[in-house]
Each structure stands twice: as C-alpha cells, then as structure tokens.
Number of protein chains: 2
Amino acid sequence: MKLSTKGRYGLRAVLDMALNKNEGPITLNSIAERQGISEGYLEQLMVPLKRAGLVKSVRGAQGGYILAKDPKNITVGEVIRALEGPIAPVACVSEDYPEECERAEGCVTRMVWEKVRDSIAEVLDSFTLEDLVQESRKYTGQNSYMYYI
Amino acid sequence: MKLSTKGRYGLRAVLDMALNKNEGPITLNSIAERQGISEGYLEQLMVPLKRAGLVKSVRGAQGGYILAKDPKNITVGEVIRALEGPIAPVACVSEDYPEECERAEGCVTRMVWEKVRDSIAEVLDSFTLEDLVQESRKYTGQNSYMYYI
DNA sequence: CTTATTCCTATTAAATTAATAGGATTTAAT
DNA sequence: ATTAAATCCTATTAATTTAATAGGAATAAG
C-alpha cells in the first residue's frame with residue numbers, strides 16, 4: 001500500500017518547479033541538487049509528466065523544464081496518476097480499465113476496494129500545487145525556496 | 001499504490017473461513033481449492049494472521065484453521081494491517097513508527113500523505129468480516145458457500 | 001563552435017513479492 | 001501402534017517491479 005518513489009520524487013519535483021516558476025526553465029540538475037534525487041532518475045519521471053501535459057521542456061542551453069499549467073490548476077492527483085498510473089488499490093477497481101476478474105460476479109471484497117480507491121482519489125484531487133506552495137511559504141517566507149519538501 | 005496479494009488473498013482466506021465457520025477447523029487445502037490460491041502460499045499468510053490473533057490453528061488430522069474472534073469483531077483493517085503492515089502511503093506517515101526524515105521540518109507533501117493514510121484507514125476499519133458475510137449471502141443464499149470473493 | 005541542456009534507449013542493480021520444496025511435528029482415526 | 005491428514009518451519013527460487021546508471025544523440029544559446 002505504498003507509493004513508489006516515482007510518485008514521491010515526482011511530486012517533489014513539480015512542487016520544486018512551482019516554487020521556482022518565475023526563474024525561467026528549471027534544469028533537472030538544479031532540482032536534483034535541491035531535492036537530493038539522481039538527475040537521471042528525474043529524467044525518467046519527466047517523460048510521463050510531459051505526456052500528461054503537466055510540464056513542458058525547453059531544449060538546449062539555458063533550457064530546462066517549466067510547468068505547463070498554473071500551479072493552482074494542477075492537482076496532486078494528476079501528478080500521482082501521471083507517475084503511478086490510475087488509482088487502483090487492486091487491479092479490478094482501477095480508475096481506468098479495471099481488469100476483468102472471473103470472480104467478479106458476487107465479489108464482496110471489491111466494494112471495499114472501490115471505497116478505498118475513491119477515498120484516496122478524493123484526498124489527492126483536493127490538493128493543488130498552489131495549496132502546497134502556500135503551505136510551503138508559511139515555513140520559508142515569501143521569497144525563499146523550499147528545499148525540504 | 002497497490003495492495004499486494006498478501007492482503008488480497010489473506011482477506012479472501014479469512015472471509016472464506018467466516019463463511020464456513022460452522023464447519024469446524026477449515027483446512028488450507030480446502031481454502032486453496034475454493035479460492036484458487038496455492039496452499040503453500042496460504043500457509044505463509046496464516047503466520048501473521050495467527051500472530052495478530054485473528055485466526056487459530058488446530059494441528060493434526062481433522063485440524064485446520066478457525067477464526068479466533070467473531071466475524072463481527074474482525075475488521076478488514078485488522079486483516080490488512082496484519083498482512084501488509086501498518087497503513088502508510090509513504091514511510092514517514094506510517095501508523096506505527098513513522099520513519100524519521102531529514103526533510104520532515106517544513107515538509108508540505110506530508111500533510112497530503114497523512115490525509116491519504118487516514119482516509120484509507122477509515123474505510124478499511126469501517127468494514128467487518130460480518131458485513132462481507134452478509135453481503136455475500138445476498139448473492140448466494142443463506143447456506144451456500146461463497147466461492148468467488 | 002562550444003557548452004549546456006533535454007532526449008532516448010539500454011542495461012544493471014536492488015528490493016520486494018510470489019511461489020515452491022522438503023521435511024518435521026502433531027493428532028484423529030483405525 | 002500405525003497411518004494418514006494436517007499444521008509447522010525453514011530455505012530456496014522465480015518473477016516482477018523499482019531504482020539507478022550509462023552513453024550518446026539532438027538541440028539551441030552564446
């Protein structure tokens with residue numbers, strides 16, 4: 001029942017980008033340093049984040065990554081889904097394409113997993129990156145970066 | 001964000017036991033057959049379930065396993081925790097012994113994970129085995145076993 | 001032209017999960 | 001007593017997923 005590092009690192013990465021969004025394209029190298037995540041691994045996380053339309057890349061020197069949308073229009077749920085796939089405590093109740101199960105007819109544990117899925121989704125969708133930025137500012141002051149998230 | 005088969009198979013196993021609780025000790029062999037789970041694997045699942053005081057074993061011929069408590073006093077949450085450990089979408093917000101994190105001070109993503117943890121726990125703790133038995137009877141009638149759960 | 005960067009693909013390492021195997025122990029039934 | 005049915009125990013292996021690394025190609029600023 002754990003999130004993998006994809007989701008955790010990825011959320012930290014986009015939050016880092018939200019906190020630094022007025023600095024122009026942000027290099028993975030700088031995120032990697034601030035967040036203590038390997039640059040190569042961050043690279044892999046950017047692929048699904050780009051595909052999901054959450055970040056954009058700027059190639060070449062002075063390039064880097066920027067958020068594709070305003071932080072208040074990006075929910076934690078979007079980020080997590082982009083990185084970990086549809087929310088699904090078990091495959092048969094996946095948000096996307098629930099896996100067919102021969103036992104489905106009359107399955108009574110499934111209703112438990114459905115409720116778990118919905119409650120997770122509700123929480124994740126209730127937070128935007130902007131919420132986290134605001135929260136972060138409480139600790140670090142208006143203009144300082146938030147390294148430890 | 002997936003449950004492992006430990007939790008899924010284990011819940012099916014104890015529910016199977018709840019549905020057959022008037023039959024005396026239930027052999028792993030019979031659960032394995034009804035549920036399509038390898039007997040050896042079930043054996044491994046019984047260890048933590050016993051330790052958690054949810055099932056009792058009866059050794060020797062005609063032995064097997066029985067629930068240690070009434071189904072209405074066993075929650076899905078207890079079963080899942082016994083098999084998967086404390087609920088913790090990330091280690092730093094584990095129900096039991098949250099892992100210390102150097103970034104904890106001023107960590108803003110943590111409040112998200114805490115809410116996720118609590119919402120999962122709330123759902124899992126809201127269902128008892130008896131609830132699932134009742135639900136199951138709706139499909140199969142009062143006295144028939146529920147094979148497909 | 002050089003440098004800094006993303007991009008792309010492949011590979012490896014590590015960890016976890018799932019399953020299997022083989023035998024020791026216990027106990028009911030004969 | 002003997003047998004058979006079952007749990008118990010430990011170790012091993014197989015499979016899968018996660019995490020990280022490596023090496024270079026493409027792009028664009030200066």
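This is a predicted model: local features need pLDDT of at least 70, side-chain atom pairs count only at pLDDT 80 or more; totals for chains, interfaces and linings use all residues.
B:Tyr41 comes out as partly exposed, with a relative accessibility of 26%. B:Tyr41 forms an aromatic pair with B:Tyr9, and the arrangement is edge-to-face, with 5.9 Å from centre to centre and 85° between the planes. The two partners sit in distant parts of the chain: B:Tyr9 belongs to helix H1 of chain B and B:Tyr41 to helix H3 (residues 39-51), 32 residues apart. B:Tyr9 also counts as partly exposed, at 21% relative accessibility.

Over all chains, a search of the whole structure turns up two aromatic pairs. Chain A holds a pair too: the ring centres of A:Tyr9 and A:Tyr41 are 5.9 Å apart and the planes stand at 85°, so this pair is edge-to-face. Because A:Tyr9 is in helix H1 (residues 5-19) of chain A and A:Tyr41 in helix H3 (residues 39-51) of chain A, the pair ties together parts that are 32 residues apart in sequence. As for accessibility, A:Tyr9 is partly exposed at 21% relative accessible area, and A:Tyr41 is partly exposed at 24%.

Next comes the interface. Here 41 residues of chain B are in contact with 41 residues of chain A. Between them the chains bury about 3,800 Å², and 76% of that is on carbon and sulfur atoms. On the chain B side, B:Met1, B:Arg103 and B:Val108 supply 21% of the area buried against chain A, more than any other three residues. Five helices of chain B each give at least two residues to the side touching chain A, namely H1 (5-19), H2 (28-35), H4 (76-84), H5 (110-126) and H6 (129-140). H5(B) brings the largest share, with nine residues. Sorted by class, the side of chain B that touches chain A has 26 nonpolar, six polar and nine charged residues. Even with those charged residues on the chain B side, the count of salt bridges between chain B and chain A is zero. Polar contacts do turn up, with four residue pairs found across the interface.

Back in chain A, helix H4 is worth a look. Within this helix, which covers residues 76-84, the buried residues include A:Val76, A:Gly77, A:Val79, A:Ile80, A:Ala82 and A:Leu83. In an α-helix, residues three or four places apart point the same way, because there are 3.6 residues a turn. Just after H4(A) comes A:Gly85, which takes a positive phi of about 85°.

Notes. Residues are numbered from 1 along each chain as its sequence is written. Chains are lettered from A and ligands numbered from 1 in the order in which they are written. Side-chain values use heavy atoms; hydrogens and water are left out. Buried means under 20% relative accessible area, exposed over 50%, partly exposed in between (1.4 Å probe, protein chains only). Helices (H or I, at least four residues) and strands (E, at least two) are DSSP runs, numbered from the N terminus. Contact means heavy atoms within 4.5 Å. Buried area is the accessible area (1.4 Å probe) that two parts lose on being put together, summed over both. A salt bridge is a side-chain nitrogen of Lys or Arg within 4 Å of a carboxyl oxygen of Asp or Glu. A polar contact is a pair of N or O atoms within 3.5 Å; within protein, one must be able to donate a hydrogen and the other to accept it, and residues adjacent in sequence count only if both atoms are side-chain atoms. Ala, Val, Leu, Ile, Met, Phe, Trp, Tyr, Cys and Pro count as nonpolar, Asp, Glu, Lys and Arg as charged, and the others, Gly among them, as polar. Rings of Phe, Tyr and Trp (its six-membered ring) pair if their centres lie within 6.5 Å; planes under 30 degrees apart count as stacked, over 60 as edge-to-face and the rest as tilted.
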